Amino acid sequence: MSLVYPSGYDYDGAPVLVEPEIRRLDGVVREVAVPPMVPPPTHGSLADLPFENAAAAPAHLVLSRQDEDGNWRDVTAAEFAEQVQAVAKGLIAEGLSPGTGSRSWRGRRTSGHSSTSPRGRPDW
C-alpha cells in the first residue's frame, strides 16, 4: 500500500494513477480525460522560460545545436536567452506586433525564406 500525499504523488515520488473520465457517444469513446498533475501556471508564459532559466543558472547547458560544419555546439541558458531576444527583435523590426496574426505574415519573404517558417515551409 502506498501513502498518497496532497501533491498527487506517493511517498517515493511516483505519480498516483487516477481513473480516467471516459465520455462516450452511442457507445463509442469520444473523449478521455484525467485531472492535471500540477496546478496551472499563475504568472508568466512559455516565452518567459528562457529568461527565467538564464537568470537562475546562466552557465547551465540547455541544448546543443549543429553548426554549418556539422559539429555540435553546446548552448548555455544565457546564450539561448540572448538568441531568443535577438529573434524577437528581428521580428519586431519586420513589423510583427502583439495581435498580429500569422495569416498576415504568410507569404512575406526575408532573405529568400518565409519570415515565420524555416526554409520557406508553410505555417501549420
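Helices (H or I, at least four residues) and strands (E, at least two) are taken here as DSSP runs, numbered from the N terminus. The model is a predicted one, in which local features need pLDDT of at least 70 and side-chain atom pairs count only at pLDDT 80 or more, while totals for chains, interfaces and linings use all residues. Residues are numbered from 1 along each chain as its sequence is written, and side-chain values rest on heavy atoms, with hydrogens and water left out.

The protein chain contains 2 helices and 6 strands. Read from the N terminus, these elements follow the order β-β-α-β-β-α-β-β. Of its 124 residues, 9% count as buried, where buried means under 20% relative accessible area, exposed over 50%, and partly exposed in between (1.4 Å probe, protein chains only). The accessible surface amounts to about 10200 Å², and carbon and sulfur atoms supply 58% of that area; such areas come from the Shrake-Rupley method with a 1.4 Å probe, and for residues only the protein chains shown count as cover. Contact is defined as heavy atoms within 4.5 Å. Among contacts between residues at least 6 apart in sequence, 14% join residues at least 24 apart.

Strand E1 (residues 21-25) pairs with strand E2 (residues 28-33) in the antiparallel sense, over 5 bridges; two strands pair if DSSP finds at least two bridges between them. Within this pairing, Ile22 stands opposite Val32 of E2, and Arg24 has Val29 of E2 as its bridge partner. The hairpin has 2 residues between the strands. Asp26 lies in the loop between E1 and E2, and its phi is near 55 degrees, a positive value in a residue other than glycine. Asp26 counts as exposed because its relative accessibility is 76%.

A second hairpin is formed by E3 and E4. Strand E3 (residues 61-66) runs antiparallel to E4, and 5 bridges join the two. Gln66 stands opposite Trp72 in E4. Here 5 residues lie between the strands, and Gly70 takes a positive phi near 90 degrees. In a regular strand the side chains alternate between the two faces of the sheet. Strand E4 spans residues 72-76 and includes Thr76. Thr76 is buried because its relative accessible area is 17%. When residues up to four places away in sequence are not counted, Thr76 touches Pro58, Ala59, His60, Leu61 and Val62.

Attention now turns to the helices. Two packed helices are described by the angle between their axes and the distance between the axes. Helix H1 (residues 49-56) and helix H2 (residues 77-93) pack at an angle of about 145 degrees, and their axes are 8 Å apart. Axes are lines fitted to C-alpha atoms, for helices over the stretch in contact, and angles run from 0 to 180 degrees between N-to-C directions. H1 contributes Pro50, Phe51, Asn53 and Ala54 to the contact, and H2 contributes Ala77, Ala78, Phe80, Ala81, Val84 and Gln85. These residues divide into 8 nonpolar, 2 polar and no charged, with Ala, Val, Leu, Ile, Met, Phe, Trp, Tyr, Cys and Pro counted as nonpolar, Asp, Glu, Lys and Arg as charged, and the others, Gly among them, as polar.

Two residues of this contact illustrate the packing in detail. Ala54, in helix H1, counts as buried because its relative accessibility is 14%. Leaving aside neighbours within four places in sequence, Ala54 is in contact with Ala77, Ala78 and Ala81. Ala54 and Phe80 are 26 residues apart in sequence, and their C-alpha atoms are 8.0 Å apart in space.

Phe80 belongs to helix H2 and is partly exposed, because its relative accessible area is 24%. The C-alpha atoms of Phe80 and Phe51 are separated by 8.6 Å, and the two residues are 29 residues apart along the chain. With neighbours within four places in sequence set aside, the contacts of Phe80 are Pro50, Val62, Leu63, Arg65 and Val75.
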